[in-house]
Amino acid sequence: MPETGRDPSRPTPEALLETARRETPTRGRLKVFLGAAPGVGKTYEMLTIGRARREAGIDVVVGVVETHGRAETEALLDGFTIVPRRTVPYHGTTLDEMDLDALLALRPALALVDELAHTNAPGSRHPKRYQDVEELLDAGIDVYTTLNIQHVESLNDVVAQITRIRVRETVPDGILDRADDIEVVDLNPDDLIQRLKDGKVYVPTNAERALKHYFSRGNLTALRELALRRTADRVDDELVSHMQANAIAGPWSAGERVLVCISADPRSAGLVRYAKRVADRLHAPWTALFIEAPRGGSGSEAARDRIAETLRLADRLGGDAVTLPGGRRVADDILAYARSANVNHIVVGKAARSWIFELVNGSVVHDLVRRSGNISVHVVPGEAVPAEAPARRPVATAAPAATFEPGPYGMAVLASAVALGAALVLQPYTGIENADLMLLTAVVAVAVRWGLGPSLAAVVTASLAYNFFFLPPVYTFTIADPTNVAAFLLFTLVAVLVSNLAARARRIAMISQGRATSTERLFGFSRKLAGCGTLDDVLWATCAQVAAMLKVRVVLLLPDGKPVTVRAGYPPEDRLDAADLAAAQWAFDNDRPAGRGADTLPGAKRLFLPMRTGRGTIGVIGLDADGNGPILTQEGRRLLDALADMGALAIERVRLVEDLDRAERAAETDRLRQALLTSISHDLRTPLASVLGAASTLRDLDADLGSEAKAELLATIIAESERLNCFIANLLDMTRLEAGAVAPTLAPQDVAETVDTALRRVEPVLADHRVTVDLAPDLPVLRFDPVLFEQVLVNLLDNAAKYAPAGSTVTVRARREGDRVRLDIIDEGDGLPETEVERVFDKFYRVRKSDRVRAGTGLGLAIARGFVEAMGGTVTAANRRDRLGAVFTVTLPVPARTTPKDIAA
């Protein structure tokens, strides 16, 4: 927020600090290549510019770059020094991560680090890649990196609303704000969709799915606008910072900005709406500004309420609400803010005041027009903006206690006496000419410490003392010399002016200090709310903050169906009497306060006020305090409005996230339902049709069939019946898993024995494959359920047989790795699509393959993972590194004090 009353010819401290930070030679520079979606060419552009820098003699090193198999991107890596990635073991497999220490040891001038939002593997020094980048920058290494707009933290909810997909990997906005340069890599949605169809972004099967969901033209257009707007905001901030750092008097008309000036006038609300319409026509951001006069200038409590309501209206309409302490001239303060914020349109209302008033006090409107320079001033006449009748407060508020403290006045007299004593002591040495300065010093000190009233008392005391002790004839209040009368009056006038100026400075300082304290506490509350992930946390934080700042007892009620119920309280309180519940329900239903001190149901113990957002009333907050009469002062009511608005927005945010999660779950449930119906209709009807056809043939053509044909038909009936039995068994197993009814019987078992049993069960399935068993001789005995573990192995071996071609080898390998045993099922098929490695464990999910692959239910791998996790292990999938093929890895913990000789009985 710009400093009020500062000299526009001097740069702001904030802008100078930002410039110094950017020019710090010990810190590297960060450039972000920002895109609207995957596939727009961020990595390609980063490598292209990095290549140009390398050819210019700059030491450029590739920290990590993900080419995603794109040949044109891989070609750009030729000639670069590439830091080998480090491997991190994770759940029985290994993950490749950027080697931060190796990159720091090389200390290149420029490091290329792809995918800023990437989450590092567990065990890495930093959980997020952007933290690795921060360490590189702190080491003085420049970094080029890439980022998609959906990964920006503040836009996460917006992107989820647009795409119906919540992105889990996010980057704080501060990283983007601190970047030295942002380059938007833009691509027309139609061109990006064509790239997707051409297989330049994803493999064809993934591309088809992406086109139906994330990569729709509407989604890409919205994401593109987000990326461009976010970058435009950044450029706009850089322009303002540059102007402030170089003390450039604005505005620069690089973009439109609207500022509306409000006051306690009843027409201010209409003026705000007018400014909103102007800003909408200009497609410009806008701000509502209130300058608080040094005298406390907001006037009566009714006027202060009107100002607070007008600022809240501006906030609800999408503008920024700003309140600043004023200096001597309101017009100068407005123009100083406008120039520092690069505002080029000021909207102000024309007050209906007489020319005599404007002659004596001046006119803000006339001053703005005369001094605005190249800023457009929109003067709205009073008739164009109808005045709104002051709304009657439906809640009684306590008037602040008017107390008179004699202490400061006594201190004022004492300070004058001390100054008088010092003047009398120094008079023989300095003369009478410096006595008035001693007394004026006391007046200024009293004004700075205790304010205007005591300072005026000090003025009277000092003036009388100056007359009595220093103006001849001394020790009388008579003034003999007429020139001394002028001296006495001049001394009194100077003392009054100095005390008034000092008291005004004190009032401004106190206003600023009070506002800073409130802002700091509200900011802390907003950070606390931002960190709350559940509704209960938000409610508890809101109750605690309101209770601490207003010194009241608080309850929060939210609708549960139709009636409202207590959801949180501070101190914790879960029950309300009938009168309180009735008042709370009325406040929620009618969107008006009720209860103690209100117009409605004043007999209730508590005061209940509705909590509102743009979607309407979402809850009720109840307050209680000791004693009788109103609970809140006017200032307390305004503070409560701010706290309640922040709490209501946080509640709405959590509910929106919950609604989105419910929508995602509903979509997933619908997808599973469709998959189940499809699977049942195919996997039940196909074997049943085969059994029915074979049986009908045996019945109708028994006499005409030979023994070999009959045997073949009987084999078909048996095989299809077994297939049907397997499908039903899988459905039952999945039902047991989802119901939590799987309770494994853990006992010491021999892995080799269970593997042998499973291989015998799937021997017919693996008849066309070679099977290699490679079990380490020192395998310990493990604790698992032999029936469940055998079924896991059968499902994994059956999956390998489906997707590996006939004549290929299926390998079963087991090794001990520390405190776990790792068992791999390795095939020589085509492997798994990189984007579908985790999805293979989803229910009813089947990787699309050629027609030679026999049909499955899509439940085998999901059941295998469920069984293994029930026994305390893990199952993961990956592709082979040495050739085509997939690897399914089962890991189980080694029991304590287990030796290879502990064979189960």
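## The chain as a whole

Of the 905 residues in the protein chain, 44% count as buried, a term for a relative accessible area under 20%, judged with a 1.4 Å probe and protein chains only. This is a predicted model, in which local features need pLDDT of at least 70 and side-chain atom pairs count only at pLDDT 80 or more, while totals for chains, interfaces and linings use all residues. Residues are numbered from 1 along each chain as its sequence is written, and side-chain values use heavy atoms, with hydrogens and water left out.

The protein chain holds 27 helices and 25 strands, which are DSSP runs numbered from the N terminus (helices are H or I with at least four residues, strands E with at least two). Among contacts with a separation of 6 or more, 70% join residues 24 or more positions apart, where contact means heavy atoms within 4.5 Å.

## The second largest cavity

A cavity is a set of points on a 1 Å grid over the protein atoms alone where a 1.4 Å probe fits but cannot get out, and its lining residues have an atom within 4 Å of a point. The second largest cavity contains about 40 Å³ of space, a volume being the space filled by probe spheres set on the points.

Its lining consists of Val 751, Leu 782, Phe 789, Val 821, Leu 823, Val 890, Thr 891 and Leu 892. Strand 23 (820-826) and strand 25 (886-893) each supply at least two of the lining residues, and strand 25 gives the largest share, with three residues.

Notes: Buried < 20%, exposed > 50% of the residue type's maximum accessible area, 1.4 Å probe, protein only. 1 Å grid on protein atoms, 1.4 Å probe; cavity = no way out; pocket = protein on both sides within 12 Å on 5 of 7 lines; lining within 4 Å.
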